[in-house]
Amino acid sequence: MVTSSAPGKVYLFGEHAVVYGEPAVPCAIERRARVTAREIDEGLRIHSEDLQLDGFTVEYEGDGEGRPDVDASEPLLEAAMGYVNEAVAQVRDAADAPGAGFEIRIESDIPLGAGLGSSAAVVVAAIDAATRELGVELSPEAIAERAYQVEAAVQDGEASRADTFCSAVGGAVRVEGEDCRTVDGVGNLPFVIGYDGGAGDTGTLVAGVRSLREEYDFAADTVRAIGDVVREGESVLGTDDYETLGDLMDFNHGLLSALGVSSRSLDSMVWAARDAGAMGAKLTGAGGGGCIVALDDTEDALTALKYTPGCESVFRAELDTDGVRQE
Ligand SMILES: Nc1ncnc2c1ncn2[C@@H]1O[C@H](COP(=O)(O)OP(=O)(O)OP(=O)(O)O)[C@@H](O)[C@H]1O
Ligand SMILES: C[C@@](O)(CCO)CC(=O)[O-]
Ligand SMILES: [Mg+2]
C-alpha cells in the first residue's frame, strides 16, 4: 500500500487562455490531496468521502464500468469518476500492467471544482501512488505529462499542462503550450483565498470559452490580451512590486469576466477584497463559482471577506515548494 500527496494551486495569471497556447503562472499552495493505492486482484474500487455532487456526499466503489449505488445522473457520475478512472488507465499503461486492479482511497484538503486544482492534485497523487504500488517510479515530469493526458481526456481534449505540471513539481511555474518550467525567486506571495462554497465544472467552462472564441473575433482577442497581461506580469515577478502585480490581477479578472467565467459571488468577493485595500484580486481556475485569490499583506482583505455575503470561508495560502511526494 502506498500513499502519495500532491498540492493544489492558485493562478496568479493566465487560466483559460493557457488552453490556447498563451502563457500562465500557477502557484502550488499548501493544500493537498492524499491518495492511497493498494493493488487488488482485479477491477477498481474507489473511496472518497470528499466527493460531493450537487450537495450530497457519496462514497463510491466502481470498476469504471458499473455504476456506484448513488442517486445521481449519469453525466454527473461520469464527471465525478472520470479523473480517477483515466488516472488508473495511465498507471496500467506506465507499468505495462493492463490487468492491474486497485483499491484507491482519496482524502483531500482541496475543495472540488473550486479553482484550486483538486482534479490535478488527485490525478497526480493517484498516478504516483499506484505506479509505486506496482514497483514503478516515475519522475515528477513524467507524472505531470500523464496527468495532463488525463485532464485532456476528461475535458474533451481541451486542457493545458498548467495545473498538472504545477501540482507535480510544486512552487510557481510557467506553462506555455508544451513548455513547462519552474519560476524561481517568486517567494511567498501574500495570497488570500475567498471561497463561496460553490463549484464550476472545468470541462463545461472551458467549452464555453472555446465557443465564444469561435463565434467572436473579439473573444479571441480577449484570450490574447490575457496572454499580454501574463507577459507584463512576468516582468515584475520576483520583485517586490506587488502593486503592479495586483493591478494586472485585476485586469486579468476583468478579461475572464468578459469571457463569461466569473459569477456574482466571485465578483462580490473580488470587490470586497479590493475595497478592503487588497492590491489585486481575481477568480482562480476555471471559475463559475469557487474561489478568488487576492494579494494583500495586511489582515484587511481577510477580515472583509469573512463578512462578505456569499463568502463561505477565507484563508491564507502559502506557496508549497514541494510537488508530488510519497507520504
Ligand atoms: N477528493 C476527491 N475525491 C474524488 N474525486 C475528486 C476529489 N477532488 C477532485 N476530484 C475530481 O475532480 C473533479 C473536479 O475537477 P475540476 O477540474 O472540475 O475542478 P478543480 O480541479 O477543483 O478546479 P480547477 O480545475 O478550476 O482548478 C471532481 O468532479 C472529481 O472528479
Ligand atoms: C481553465 C483552465 O485553464 C484551468 C483550470 O484550473 C483549464 C486548463 O488549463 O486545463
Ligand atoms: Mg481541475
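Predicted model: local features only at pLDDT ≥ 70, side-chain atom pairs only at ≥ 80, totals over all residues.
Student: How far apart are N and O in the salt bridge of Glu 22 and Arg 231?

Tutor: Here the two side chains meet in a salt bridge. For Glu 22 and Arg 231, the N to O distance is 3.2 Å.

Student: Which strand gives the largest share of the side of domain 1 that touches domain 2?

Tutor: Start with two strands, E1 (2–13) and E2 (25–40), which each supply at least two residues of that side. The largest share is 5 residues, and they come from E1.

Student: How do the residues of that side of domain 1 divide into nonpolar, polar and charged?

Tutor: Let's take the side of domain 1 that touches domain 2 and sort its residues by type. They come out as 17 nonpolar, 5 polar and 6 charged.

Student: What is the area buried between domain 1 and domain 2?

Tutor: The size of an interface is often given as the accessible area lost when the parts come together. Between domain 1 (2–183) and domain 2 (191–317), carbon and sulfur atoms give 67% of that area. The total is about 2,800 Å².

Student: Which residues of domain 1 lose the most area to domain 2?

Tutor: Three residues stand out, together making up 26% of what the domain 1 side buries. They are Phe 13, His 16 and Tyr 20.

Student: How many residues apart in sequence are the parts that Lys 9 and Asp 163 tie together?

Tutor: Lys 9 forms a salt bridge with Asp 163, with the closest N and O atoms 2.7 Å apart. Lys 9 lies in strand E1 and Asp 163 in helix H4 (residues 162–169), so the pair ties together parts whose separation in sequence is 154 residues.

Student: What radius of gyration does the protein have, next to that of a compact globule?

Tutor: The C-alpha atoms fill a box of roughly 55 × 40 × 40 Å along the principal axes. With 327 residues, a compact globule would come out near 20 Å, and the protein agrees with that, at 19 Å.

Note on methods. Residues numbered from 1 in each chain as written. Chains lettered and ligands numbered in written order. Heavy atoms only, no water. Domains from an automatic or database assignment. Buried area = accessible area lost by both parts, 1.4 Å probe. Salt bridge = Lys/Arg side-chain N within 4 Å of Asp/Glu carboxyl O. Helix = DSSP H or I, 4+ residues; strand = E, 2+ residues; numbered from the N terminus. Nonpolar A, V, L, I, M, F, W, Y, C, P; charged D, E, K, R; others polar. Rg over C-alpha atoms; globule rule 2.2 N^0.38 Å.
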